[in-house]
Amino acid sequence: MSLKRIWNALRGATNEGLEAVADSQSMRILDQEMRDAKSELEACDRNLTTIMAKRKLAQTKVESLTSDIDTYTNHAVAASEKNDEALALECAERVANLEVQLATEQEIYNSYLSTETSLKANIATAKASVKRLGIQIDQVKATESLQKAQVAGSSHHVGANSKVKTALDSLERIKEKQALRSAELSAAEELAAEDSGSSLDAKLKQAGIESGGQSSGSDKLKQILAQKQAK
């Protein structure tokens with residue numbers, strides 16, 4: 001392998017290692033971002049609650065001032081109908097002051113209401129984004145765990161197949177050794193038989209020639225008769 005290829009291989013392995021570290025750090029960063037986002041959303045909810053409470057107080061003041069304006073307006077009309085111009089004028093001035101206060105409180109109320117509406121929309125959008133991000137993180141984690149399990153299962157399967165192949169190879173080697181040992185034993189017995197002469201006897205017997213065997217009855221009779229004639 002050339003130095004360039006070795007260098008490319010090392011550089012590729014280094015990049016993969018750095019990417020793996022970066023991915024691991026990214027997951028931790030995302031988890032921390034999720035915790036921070038949820039904490040910020042909780043703070044937003046508390047701020048929204050405060051804004052809503054102040055809006056309710058402003059609304060109460062607006063309603064109270066509006067009611068007072070109606071009351072003193074009616075009083076002014078009643079006093080005028082009774083020809084009590086001084087009292088009618090005093091009620092009218094009171095109405096004018098109340099209207100100034102109402103305008104101020106109405107502006108405050110409108111400001112709180114606008115802020116409340118905007119906060120609700122922004123918080124809803126932020127919660128939806130955090131929820132989607134959380135789902136994606138959970139999916140990535142689940143997929144990562146699943147793929148690790150699949151890789152482990154595949155490795156075990158490959159390992160099991162390798163072990164079975166190794167065992168079969170060993171079995172074949174044992175069979176070959178046993179066959180060789182049997183052949184060696186048979187050869188040793190054959191050599192021993194040749195040394196003792198039994199091998200030759202076996203060949204003679206197989207050929208129908210009995211070495212040192214007993215004579216038949218007819219052969220013995222011929223032998224006896226021949227000996228008698230010789231005498």
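Contact is taken here to mean heavy atoms within 4.5 Å. Under this definition, and not counting residues up to four places away in sequence, Leu 65 touches Leu 98, Gln 101, Leu 102 and Glu 105. The structure is a predicted model, in which local features need pLDDT of at least 70 and side-chain atom pairs count only at pLDDT 80 or more, whereas totals for chains, interfaces and linings use all residues. Residues are numbered from 1 along each chain as its sequence is written, and side-chain values use heavy atoms, with hydrogens and water left out.

The chain contains four helices and zero strands, where helices (H or I, at least four residues) and strands (E, at least two) are DSSP runs numbered from the N terminus. Read along the sequence, the pattern is accordingly written α-α-α-α. Of the contacts in the chain with a separation of 6 or more, 80% are accounted for by residues 24 or more positions apart. The chain exposes about 18,200 Å², of which carbon and sulfur atoms supply 56%; accessible areas come from the Shrake-Rupley method with a 1.4 Å probe, and for residues only the protein chains shown count as cover. Residues are termed buried under 20% relative accessible area, exposed over 50%, and partly exposed in between (1.4 Å probe, protein chains only). Buried residues make up 11% of the 231 residues in the chain.

The packing of nonpolar side chains was examined next. A nonpolar core is a set of buried Ala, Val, Leu, Ile, Met, Phe, Trp, Tyr and Cys residues joined through side-chain atoms within 4.5 Å. The largest such core has eight residues, namely Ala 58, Val 62, Leu 65, Ile 69, Val 95, Leu 98, Leu 102 and Tyr 109, and the elements that give two or more residues to this core are α1 (3-81) and α2 (85-196). A second, separate core has six residues, among them Leu 41, Leu 48, Ile 123 and Val 130. In soluble globular proteins, nonpolar side chains tend to be buried together.

Leu 65, a member of the eight-residue core, has its place in helix α1 and counts as buried because its relative accessibility is 9%. Leu 65 and Gln 101 are 36 residues apart in sequence, yet their C-alpha atoms are 7.5 Å apart in space. When neighbours within four places in sequence are left aside, Leu 102 is in contact with Val 62, Leu 65, Thr 66 and Ile 69.

Between α1 and α2 lies a loop in which Asn 83 is found. Asn 83 has a positive phi of about 60° although it is not a glycine. Most residues other than glycine have a negative phi, and most peptide bonds are trans. With a relative accessibility of 64%, Asn 83 counts as exposed.

The structure holds four salt bridges, a salt bridge being a side-chain nitrogen of Lys or Arg within 4 Å of a carboxyl oxygen of Asp or Glu. In one of these, the side chains of Lys 127 and Asp 45 meet at 3.3 Å, N to O. This pair links distant parts of the chain, with Lys 127 in helix α2 and Asp 45 in helix α1, 82 residues apart. Lys 127 counts as partly exposed because its relative accessibility is 38%, and Asp 45 is likewise partly exposed, with a relative accessible area of 27%.

Glu 116 forms a salt bridge with Arg 55, the closest N and O atoms being 2.7 Å apart. Because Glu 116 lies in helix α2 and Arg 55 in helix α1, the pair ties together parts that are 61 residues apart in sequence. Both Glu 116 and Arg 55 are buried, Glu 116 having a relative accessible area of 4%. A salt bridge also joins Lys 120 to Glu 116, with 3.1 Å between the closest N and O atoms; these two residues both lie in helix α2, four residues apart, or about one turn of the helix. Lys 120, at a relative accessible area of 38%, is partly exposed. Through salt bridges that share partners, Arg 55, Glu 116 and Lys 120 are joined into one network.

Cys 44 counts as partly exposed at 27% relative accessibility, whereas Cys 91, at 9%, counts as buried.
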